[in-house]
Amino acid sequence: MIAALRLLGPLAWRNVWRNPRRTIITVVVVAVGLYSILVFAALLNAWAQSSRETTLNLLTGSGQIHAQGYLDDPTVSRRMPAPDAKLQAALATPAISAWVERVRVPAVIESEYKALPVTLLGVDPARERRVSTIPGQVAEGSYLSGSTDAGIVLGRHLADRLKTRVGKRVIVMAQKANGSLAEQAYRVVGLFAGNMNAEDAYAFTGLSTAQTMLGIGASISEISFDVPDEARLGSVIAALSRVAPGLDVSPWTKLSPLAAAVDSFMRAFVYIWLWIMFVFMAIGIVNTQLMAVFERLREFGLLQALGMRPRLILLQVCLESAMLIGIGVVIGMAVSAATVAAFHGGIDLGFLAQGAEYFGAGHVLYPQLAPIQFAELSLLIWGLGIGVALWPARKAAKSSPVEAMSHAS
Amino acid sequence: MLHEAQATAAAGPIVSCRGVQKVYTLGAVKVPALNGIDLDIAAGDFATLAGPSGSGKTTLLNMIGGLDRPTAGTVTIAGEDLGKFDKNRLTELRLHKIGFVFQAYNLIPVLSAAENIEFILQLLGIAASERRRRAVAALKDVGLEGMEDRRPAYLSGGQQQRVAVARALVARPAIVLADEPTANLDSKTATDLVALMARLNAASGITFLIGTHDARVIAHARRHIEMTDGRITADENCHPNDALV
């Protein structure tokens with residue numbers, strides 16, 4: 001094989017440049033096609049990443065720990081004890097950047113005008129800031145000051161619907177651990193602005209305040225944790241499950257199936273786009289290679305007459321295709337990498353920001369393409385390109401010497 | 001140096017055709033191109049195959065060269081029946097035992113003169129340094145010393161045909177088949193080329209079978225075969241320059 005490549009390599013390279021115009025056209029087709037695939041993939045990744053972060057940074061985190069059955073029945077009865085020393089040690093692994101305990105129960109919030117259903121969250125504000133973006137999204141008033149803070153932070157939209165504001169009092173009703181109804185007045189200390197669904201759904205108070213109100217002692221509803229390196233999430237989940245076998249340790253894909261579906265769709269769409277672009281590229285590649293083969297049919301006949309085996313002719317044409325497409329792939333990769341690098345600082349969606357947020361993304365997208373995906377997509381195009389070029393190559397190899405040599409004469 | 005051609009001489013003819021027929025089918029019409037050719041070519045011969053256009057010269061050369069298969073009959077090269085060979089073995093046979101010179105030179109345009117010759121040696125798996133040495137020597141033999149690195153586009157027709165002759169001879173085949181090698185050349189170049197081929201035949205002992213109707217070529221032949229309508233109509237031994245013109 002190496003001897004064959006030594007024989008055919010230089011010949012194929014020179015043949016590639018035999019018709020520079022046609023070569024340049026093919027190279028441009030491949031480079032532009034690959035460029036569109038790689039840049040589109042980087043943008044889709046950015047969108048998926050932004051969408052995922054927007055969702056996960058709200059409250060979900062990379063994963064959560066609950067009492068068994070909580071996800072199906074998220075009430076006070078499905079609570080769990082505060083993490084013991086073993087679980088705390090497991091949560092202290094370097095793979096987890098931060099973790100937080102919460103009380104999270106369904107409740108009804110009532111102003112003097114209206115009563116609305118909410119999810120009441122009891123949080124430790126200092127730790128919550130490391131996991132959730134909501135503490136940083138306070139638009140009016142302030143966030144909670146501590147775990148024993150008896151104030152409440154509402155979403156701005158919820159406050160509008162309740163016709164309440166910072167400084168006013170609201171009543172929160174929720175079921176206690178003993179089955180009775182807890183009812184407590186809170187002063188609105190802050191309003192957060194952000195995702196409208198979150199603004200409507202959540203009300204935050206201090207962790208101890210919520211525990212006391214619900215009569216659950218030091219029990220909690222959930223632990224949310226962040227794993228910055230997505231690749232390590234699986235092993236972290238497995239490790240936590242081993243340490244806390246009686247608890248339900250779930251990744252974000254289970255907790256937020258919509259975000260997971262968007263993520264999967266974005267990944268799949270890269271390949272859909274790849275195939276669409278590849279069809280166009282394949283038409284160009286096959287067309288030019290067929291032309292090149294037909295123009296040189298006499299030469300292929302000559303090569304066979306001189307003693308070159310048909311499989312070597314097949315290899316030669318494939319090698320030419322590999323070189324031709326390879327040049328386009330390398331150029332496409334270089335220009336794509338430069339483009340992605342140029343927007344490393346992010347693309348501000350500007351006037352599209354509101355629409356982007358409606359679809360779950362942030363207003364700044366950070367195009368990114370993992371080196372492995374970059375290489376994988378490029379190699380896929382290269383390989384597929386060589387694959388379609390097999391057709392003209394087979395035509396060249398199957399030509400009979402006499403017919404081929406009389407064809408052009 | 002003992003060539004394969006010389007070695008084969010004692011063993012019998014280098015080419016043997018028995019009852020060779022070739023019929024082309026053009027739609028419903030069958031066109032006979034060869035009508036039962038019986039022919040032996042001895043090793044070391046310098047033979048010409050002449051006849052008007054359509055007489056079957058090229059078809060017969062294609063059969064002998066293993067480029068095409070007869071409809072009936074057998075063709076044997078150096079004792080090997082080509083009818084028993086598949087496509088790959090025929091290719092191997094051409095590489096090792098047959099050299100070709102075509103009317104249209106047919107050099108590989110992206111390779112230099114020396115590389116065109118080296119290409120055959122490379123197919124034979126000969127080492128790079130030996131290839132170069134033999135290619136340079138072959139070019140010197142055909143009077144193209146110093147033109148090793150010129151591409152075909154920068155060579156005249158006569159020079160290209162000399163490269164083709166060098167390429168045909170470099171692997172020391174059993175036979176060189178040349179089809180109208182002088183047809184595209186001017187008178188002086190054609191005369192020089194024929195003289196060159198005759199000289200190389202004499203020097204190397206490699207058999208030449210040349211399809212031609214060029215009297216200058218026939219004049220150098222030691223054997224002259226005439227074909228008409230796919231049949232051999234004359235087959236004469238003659239002294240060079242004394243042949244029928």
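1. Two residues are in contact if their C-beta atoms, placed from the backbone, lie within 7 Å. The structure is a predicted model, in which local features need pLDDT of at least 70 and side-chain atom pairs count only at pLDDT 80 or more, while totals for chains, interfaces and linings use all residues. Residues are numbered from 1 along each chain as its sequence is written, and chains are lettered from A and ligands numbered from 1 in the order in which they are written.

2. In chain B, look at helices α4 (residues 113-123) and α6 (residues 157-170); helices are DSSP runs of H or I with at least four residues, and strands are runs of E with at least two. On the α4(B) side, B:Ala113, B:Asn116, B:Ile117, B:Ile120 and B:Leu121 meet B:Val163, B:Ala166, B:Arg167 and B:Val170 of α6(B). By class, this contact has 7 nonpolar, 1 polar and 1 charged residues (Ala, Val, Leu, Ile, Met, Phe, Trp, Tyr, Cys and Pro count as nonpolar, Asp, Glu, Lys and Arg as charged, the others, Gly among them, as polar).

3. The axes of α4(B) and α6(B) come within 9 Å and cross at roughly 20° (axes are lines fitted to C-alpha atoms, for helices over the stretch in contact, with angles from 0 to 180 degrees between N-to-C directions). The two helices are therefore roughly parallel to each other, a term for angles under 35 degrees.

4. Chain B also has an open sheet of 6 strands in the order β6-β7-β8-β3-β9-β10, with mixed pairing (two strands pair if DSSP finds at least two bridges between them). Its edge strands are β6 (98-101) and β10 (231-237).

Terms used:
Angles under 35 degrees count as roughly parallel, over 145 as roughly antiparallel, 65 to 115 as roughly perpendicular and the rest as oblique.
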